[in-house]
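Hi,

Here is the structure I promised to pass on to you. Have a look at it first, and then read my notes below.

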2 protein chains.
Amino acid sequence: MAEAAPKQRSPAAPRPVRCIVKLGGAAITNKGELESIDEESLRSACAQLRQAMSDGTAPEKVRGMDWSRRPGDPADPVVDAEGFAGMAGLGLDSNFVVVHGAGSFGHFQASRSGVHKGGLHSTLVKAGFVATRISVTSLNQEIVRALAREGIPSVGMSPFACGWSTQRRNVLHGDAVLDESLDCTILSGDVIIRHLAQLLTPKYVVFLTDVHGVYDRPPTDPNAVLLKEIEVDDNGGWSIVKPALEGNRKGVEISVAAHDTTGGMETKILEAAVIARLGVDVYITKVDTEHSLRALKGDVNTSSDDWLGTVIRAAK
Amino acid sequence: MAEAAPKQRSPAAPRPVRCIVKLGGAAITNKGELESIDEESLRSACAQLRQAMSDGTAPEKVRGMDWSRRPGDPADPVVDAEGFAGMAGLGLDSNFVVVHGAGSFGHFQASRSGVHKGGLHSTLVKAGFVATRISVTSLNQEIVRALAREGIPSVGMSPFACGWSTQRRNVLHGDAVLDESLDCTILSGDVIIRHLAQLLTPKYVVFLTDVHGVYDRPPTDPNAVLLKEIEVDDNGGWSIVKPALEGNRKGVEISVAAHDTTGGMETKILEAAVIARLGVDVYITKVDTEHSLRALKGDVNTSSDDWLGTVIRAAK
């Protein structure tokens, strides 16, 4: 939802989107554990989003917008209605779109039933479609609540329910959706990002993940080198600008996690390359670090060496 | 989601909707307690829906479609993928639309912030809009899960997210939505029902609530009389056909609960009258009774006296 200055602009008038953020499934969930959120990473990502959105007038005291009970918490939520009523504005440029992955939500249900391969006439696929949507919408609900608790006005939108490609300024997620040829399939958050970037042309796009960026080989390899800058040409080919690598290491070795039904780093790079060709810089960086905060603020300078992450941009 | 016979009909081909069901907020939540579901009533409503949907071939053993963890339950969900894979079909005519009210969800957040009166430029209304949506979508998620646990293939659709008036065969709910003149407002489940009935022309519409139907005065009054049959004429006027009342009791005294931001029984009757004028019978009855099961099956005979509820239909 947009933050609009009172009496100066109608809240319904669309404004350019500043940033599309992907909260990677690996960044905000514990991938090894079924349906488990990494609460600390999620909280940090939301707090950094608030900092990045602040126009300098946002009050330090956060007034939360999640006025619902928490599971297992018998206490009623704190609602500071008087505090909100006394505010001239939130002081936030909240014209961000947040898209999140599924991580340890949804994948189990999807892979157990084969939803991504289609075939809704099968009772197993039909049941898996229902089960997958329950799982991913549960995660979406928790992410909207985490954003709201940081005082960021947010509304959840399911791709299945909303015809996602025409929506904006909201929190979207990977989902089980209907498909014209397959009946149904899985739509990944990275594909959503690419389509939204084409539609909305944000100033920049940020992928928050659980590693510092794209490496030349699996980042668990001790010799792995972080690729700090990748240029994409008009034909979709890419070249590594920084660091300068030896001739035989120019290629990017890509690791795809086996449990990820929508593709891992390979999908991310391919989608990022499409976005970069639009002239929109893409920053891939690690959640809950000073680097992620700078990326969310759009404050990335690849000529200095103190920022850790990968910039993917169009060749000049 | 429709249950389609394999290789005989495309799942994408729309079929007539058999029934639109309103799960009243008073029927499925504990109205006096913030965000509290009446688990037993909800479970009963879902089990009766399954019975009403059965085409006679549904297996007695229910295979659940909620494969997610329950809050506070450390055990992994039971997934009978082999059982599903071996089924020729679910044996359910699941072409129902379920709409639910908010009950003790959403009303607190909406009334505290005045979302129903609009004005998104106010930080309080904006925060209340976010908080209301979090609350009502939490309830929606729990209702979808309850239906899925009864083996009913269900997907949740938020009116806000989906452009609700064009959607079908899904689980919808009262919601905070954008409004062209007010910026934002509250859309009630009863208004959604009326529009869906106009769009889909179901065979019948069922309102499940916490009393046996419409009374001539508040049902807490020991002299209250259940109105068993109401006819609506072409001008929208209504008359009580059964029981025969004395002349000065023909009017219906309407009680509106003070906490209900979207109107109580009055809205329900007005919306039901609009539906009845389409030629669609409306049954208002009490959840978790033999009467609600008969209503869901469309098996209501007003000439016999053993069915407790109110039928609202067009005058012949």
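Between chain B and chain A there are 2 salt bridges, a salt bridge being a side-chain nitrogen of Lys or Arg within 4 Å of a carboxyl oxygen of Asp or Glu. B:Glu82 pairs with A:Arg112 in a salt bridge, with 3.5 Å between the closest N and O atoms. Before you go further: this is a predicted model, where local features need pLDDT of at least 70 and side-chain atom pairs count only at pLDDT 80 or more, while totals for chains, interfaces and linings use all residues. Residues are numbered from 1 along each chain as its sequence is written, chains are lettered from A and ligands numbered from 1 in the order in which they are written, and side-chain values use heavy atoms, with hydrogens and water left out.

Back to the interface. It has 19 residue pairs in polar contact, both residues at pLDDT 80 or more.

In total, 59 residues of chain B are in contact with 60 residues of chain A, contact meaning heavy atoms within 4.5 Å. About 4,600 Å² is buried between the two chains, and carbon and sulfur atoms give 65% of this area. Buried area is the accessible area (1.4 Å probe) that two parts lose on being put together, summed over both.

Next, the salt bridges inside the chains. A:Asp66 and A:Arg149 form one, their closest N and O atoms 3.3 Å apart. A:Asp66 sits in the loop between helix 2 (39–53) and helix 3 (81–85) of chain A and A:Arg149 in helix 5 (residues 123–149), so the bridge ties together parts 83 residues apart in sequence. A:Asp66 is buried at 9% relative accessibility, whereas A:Arg149 is partly exposed at 31%. (Buried means under 20% relative accessible area, exposed over 50%, and partly exposed in between, with a 1.4 Å probe and protein chains only.) A:Asp66, A:Arg145 and A:Arg149 are linked in a network of salt bridges.

In chain B, B:Asp281 and B:Arg313 make a salt bridge with their closest N and O atoms 3.3 Å apart. B:Asp281 is in strand 9 and B:Arg313 in strand 10 (residues 310–314), 32 residues apart. Both B:Asp281 and B:Arg313 are buried.

Where does the UniProt record put a "binding site"? The unreviewed entry places this feature at A:Ala102, A:His107 and A:Gly189; such positions are given in the numbering used here, feature names are shortened, and annotations may be inferred rather than shown by experiment. The three span 88 residues in sequence, but no two of their C-alpha atoms are more than 12.8 Å apart, so they gather at one spot. A:His107 belongs to helix 4 (residues 107–113) of chain A and is buried, at 11% relative accessibility.

Cheers

Notes: Helix = DSSP H or I, 4+ residues; strand = E, 2+ residues; numbered from the N terminus. Polar contact = N/O pair within 3.5 Å; in protein donor to acceptor, adjacent residues only side chain to side chain.
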